[in-house]
Structures are given as C-alpha cells and as structure tokens.
Amino acid sequence: MNVSAISTYTGLTGGASAVQAASQNADKARFSELLDKLRSSNEKNNFNSENSTLSSSQIVQKGRLNGEYTTGFAGIYTSESDKAAMPTGAAANQANPNVKTKTIDKTSELYQKAQELENYFVKQMLSQMRKSINKATESDFATGMYEDMLWDEYSEAMTKNAGFGLADQIYSQLA
C-alpha cells in the first residue's frame with residue numbers, strides 16, 4: 001500500500017484504526033510487562049512449572065476433598081468475640097432455666113465440623129423438598145448436576161445465615 005492510499009484510508013475512518021492500533025500496542029506492552037514481573041517473582045521463589053511438585057495436601061484444606069466445589073465453613077468466624085459466643089437458634093432455647101448455657105468457640109475445628117453436619121441435614125431437607133416439586137420439562141444430566149450444585153450452595157448459605165442452631169447444639173454436646 002502506498003502512502004496516499006494509507007492517508008485516504010485514515011481520512012475515511014477518521015483515525016479510528018490508528019487509535020485502535022495504538023491501544024492494542026499499549027495493551028501488548030502492559031501484558032508483556034506483567035509477564036516479566038510474574039517470571040521474575042517465580043524465579044525469586046524458585047518456582048518453575050516444569051519442576052514443581054505440589055501434593056494435594058498442600059493445595060486442599062485439611063478435611064476437604066480434592067475437587068470439592070463448595071466454599072466450606074473454614075474461616076467464617078475469626079474475631080475474638082466468636083471464641084466465646086452464645087448459642088443461637090434451637091440451642092439457645094433451653095428447656096431447663098436452672099441450666100447455665102455454655103459458650104461456643106465458633107473458631108474451633110469442632111464447630112466447623114458441627115456446621116458441616118448441620119449442612120448435611122439441611123441438604124437432606126432440601127432434597128426431600130425438591131422431590132415434591134413437579135417439573136414442567138424433562139432435564140438432562142448437565143442440568144441435573146448444575147441444579148444439585150446450586151441446591152448444595154443454597155443449603156450452605158442457609159446453614160451459615162439462618163441460625164437453626166443445630167451446629168451449636170452439636171458443639172455443646174461434644175465439647
């Protein structure tokens with residue numbers, strides 16, 4: 001292409017192609033800079049993807065399965081007030097007024113496991129509720145899998161936020 005054809009083309013597009021080319025070049029430069037930073041930080045940490053050997057215990061949290069997609073209950077309670085919290089929900093409703101309620105350490109691993117057990121019961125409850133719903137259309141395998149994962153997340157959110165108190169009761173009995 002000669003110079004007059006290029007100037008004619010630029011005149012027709014109003015310089016938009018020149019602006020787009022400059023933007024692309026700037027993006028490429030920023031991306032190259034980011035790659036260089038990552039490579040240099042990996043060299044500092046002596047990490048190389050060719051010779052990396054990580055075991056699943058280094059990747060997966062303790063007590064979780066490799067490939068588990070739910071967010072889990074670890075790290076929800078981290079404040080000092082959570083170490084001596086009062087029970088909530090059904091655990092707070094003490095039938096005998098003479099029995100002093102125990103405090104709960106919500107940061108402990110035992111409480112996390114109690115929450116997982118409560119989550120399992122909530123999943124079972126939701127599963128039975130879902131069976132009572134009539135579906136208008138037939139669903140395929142992928143849709144069923146997605147719905148199962150969605151309802152698992154619903155049950156986890158309910159366990160974290162609804163305040164059933166079952167995890168508090170389990171913790172109180174086991175602690």
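Is D36 buried, exposed or partly exposed? Select D36 to find out: its relative accessibility is 46%, so D36 counts as partly exposed. Keep in mind during the tour that this is a predicted model.

**The whole chain**

Show the protein chain as a cartoon. There are six helices and zero strands, and from the N terminus on the elements run α-α-α-α-α-α. Now colour by accessibility. Of the 175 residues in the protein chain, buried residues make up 18%. Contacts can be sorted by how far they reach along the sequence: among those between residues at least 6 apart, 75% join residues at least 24 apart.

**Helix α2**

Next, select E33 and K37. Their side chains also meet in a salt bridge, 3.8 Å from N to O. Helix α2 spans residues 16–44, and E33 and K37 are four residues apart in it, so the separation is about one helical turn. E33 has 47% relative accessibility and therefore counts as partly exposed. K37, with a relative accessible area of 51%, is exposed; the cut-off for exposed is over 50%.

Why can such side chains pair? Side chains of opposite charge can do so when their charged atoms come close. A search of the whole structure finds seven salt bridges.

**From helix α4 to helix α5**

Select R130 and D148. Their side chains meet in a salt bridge at 3.1 Å, N to O. This pair links distant parts of the chain: R130 is in helix α4 and D148 is in helix α5 (residues 141–161), 18 residues apart. R130 counts as partly exposed at 23% relative accessibility, and D148 is likewise partly exposed, at 40%.

At 7% relative accessibility, L126 counts as buried, because the cut-off for buried is under 20%. Which residues does L126 touch, leaving out those up to four places away in sequence? They are W151, Y154, S155 and M158. For a distance to check in the viewer, draw a line from L126 to D152, C-alpha to C-alpha: the two are 8.9 Å apart in space and 26 residues apart in sequence.

**Helix α4 against helix α6**

Finally, show helix α4 (residues 109–131) with helix α6 (residues 166–174). At what angle do their axes cross? The crossing is at roughly 135°, and the axes come within 8 Å. That makes α4 oblique to α6. The crossing of the two helices is right-handed.

To see the contact itself, display these side chains:

- From α4, select L110, Y111, A114, Q115, L117, E118 and F121.
- From α6, select L166, A167, D168, I170, Y171 and L174.

Colour the residues of this contact by type. They divide into 10 nonpolar, one polar and two charged.

Methods
Residues numbered from 1 in each chain as written. Predicted model: local features only at pLDDT ≥ 70, side-chain atom pairs only at ≥ 80, totals over all residues. Heavy atoms only, no water. Axes fitted to C-alpha atoms, helices over the stretch in contact; angles between N-to-C directions. Parallel < 35°, antiparallel > 145°, perpendicular 65-115°, else oblique. Left-handed = near helix turned anticlockwise from the far one by under 90°. Contact = heavy atoms within 4.5 Å. Nonpolar A, V, L, I, M, F, W, Y, C, P; charged D, E, K, R; others polar. Buried < 20%, exposed > 50% of the residue type's maximum accessible area, 1.4 Å probe, protein only. Salt bridge = Lys/Arg side-chain N within 4 Å of Asp/Glu carboxyl O.
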